[in-house]
Amino acid sequence: MALKSDLQCKYDGVCLYITISARPTIITKFILSFFNVFLAIAIVFFLKEQVIVAALAFTALEVFVIKYTLWNLYGYERVTINTKSLSIQLHYGIFTTPPKITVLNKRIFMCPADAIVQNEQKFVKIHIYSYNEFHLQSLIYQSVLFIPDTEYQRVVSQFHQLFLDEMVEEKGMPLIYLN
């Protein structure tokens, strides 16, 4: 089952901003809450019984479960694309990863990946490819969350508009409006 998500896509004439946020089901929220409570009780129990090794092991496990819980409840990924670079940042509600900026070499293209069909609706992940310094194709971004194929098509349209606007500006071509 694909994790449901919301997508926001905005193009300001210079950058394309893509934000995909997690939308967990009630069952997912319940299971994550149960694991967090269970691990917290286990940590308290082992600390009370002075079994330090077990308490540390459960604390380490709790850190990963808390991070996963924050991602599912409050998380979103933000991708900023312009014609020169791509920036990726993950937000976990109370903390944010530092932006990972990739300088683009020559060509960049986007394609759908890991397609699944659920309730007669197609969901995909976004893959963005570019070329490295050796002119070999390399994956520079893979979305964490699935998005509906219709939303993916909207992102691709704005992605193409970004590079079309750059070409018009660079080459001095007249503005082309596609209906």
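Which residues make a nonpolar surface patch of about 660 Å²? Keep that question in mind while reading the points below. The model is predicted.

1. **The nonpolar patch.** I27, F30, I31, F34, F35 and F38 make the patch, and its area is about 660 Å². Take F34 as an example. F34 sits in helix α1. Its relative accessible area is 49%, so F34 counts as partly exposed. The cut-off for exposed is over 50%.

2. **N36, a buried residue of α1.** N36 belongs to helix α1, which covers residues 26-48. Is N36 buried or exposed? N36 is buried, because its relative accessibility is 14% and the limit for buried is under 20%. The side chain of N36 also has a polar partner: the side chain of T69, at 2.8 Å. Beyond its neighbours within four places in sequence, N36 contacts E62, V65, I66 and T69.

3. **Helix α2 and its length.** Helix α2 runs over residues 52-74 and has 23 residues. At 1.5 Å a residue, α2 should span 33 Å. The C-alpha atoms at its ends are 32 Å apart, so the two values agree.

4. **What α2 packs against.** The buried residues of α2 are A54, A55, E62, V65, T69, L70, W71 and N72. These buried residues pack against α1, and also against β2 (16-22), β3 (76-81) and β4 (85-91). Look back at N36 here: its contacts include E62, V65 and T69, which are among the buried residues of α2.

5. In one of them, the side chains of R23 and D6 meet, with N to O at 2.9 Å. This pair links distant parts of the chain, 17 residues apart. R23 is in the loop between β2 and α1, while D6 is in strand β1 (residues 5-11). R23 is partly exposed because its relative accessible area is 40%. D6 has 33% relative accessibility, so D6 is partly exposed as well. As background, side chains of opposite charge can pair when their charged atoms come close.

6. **A salt bridge within a helix.** E151 and R154 also form a salt bridge, with 2.6 Å between the closest N and O atoms. Both residues are in helix α3 (residues 149-171). They are 3 residues apart, which means a separation of about one helical turn. E151 is partly exposed, because its relative accessibility is 25%. R154 is partly exposed too, because its value is 33%.

7. **F159, buried in α3.** F159 also lies in helix α3. Its relative accessible area is 2%, so F159 is buried. Which residues does F159 touch, not counting those up to four places away in sequence? They are L16, I81, I108, F109 and M110. Compare F159 with C15: the two are 144 residues apart in sequence. In space, their C-alpha atoms are 9.2 Å apart.

8. **Two positive phi values.** E120 is not a glycine, yet its phi is positive, about 60 degrees. E120 is in the loop between β6 (108-118) and β7 (121-131). E120 is exposed, because its relative accessible area is 81%. H135 is another residue other than glycine with a positive phi, near 65 degrees. H135 is in the loop between β7 and β8 (137-142). Find both loops in the structure and check these residues.

How values were computed: Residues numbered from 1 in each chain as written. Predicted model: local features only at pLDDT ≥ 70, side-chain atom pairs only at ≥ 80, totals over all residues. Heavy atoms only, no water. Helix = DSSP H or I, 4+ residues; strand = E, 2+ residues; numbered from the N terminus. Buried < 20%, exposed > 50% of the residue type's maximum accessible area, 1.4 Å probe, protein only. Polar contact = N/O pair within 3.5 Å; in protein donor to acceptor, adjacent residues only side chain to side chain. Contact = heavy atoms within 4.5 Å. Expected span 1.5 Å × (residues − 1). Salt bridge = Lys/Arg side-chain N within 4 Å of Asp/Glu carboxyl O. Patch = residues over 30% accessible without salt bridge, like charges linked within 9 Å, V, L, I, M, F, W, Y side chains within 5 Å. Areas by Shrake-Rupley, 256 points an atom, 1.4 Å probe, with all protein chains shown as cover.
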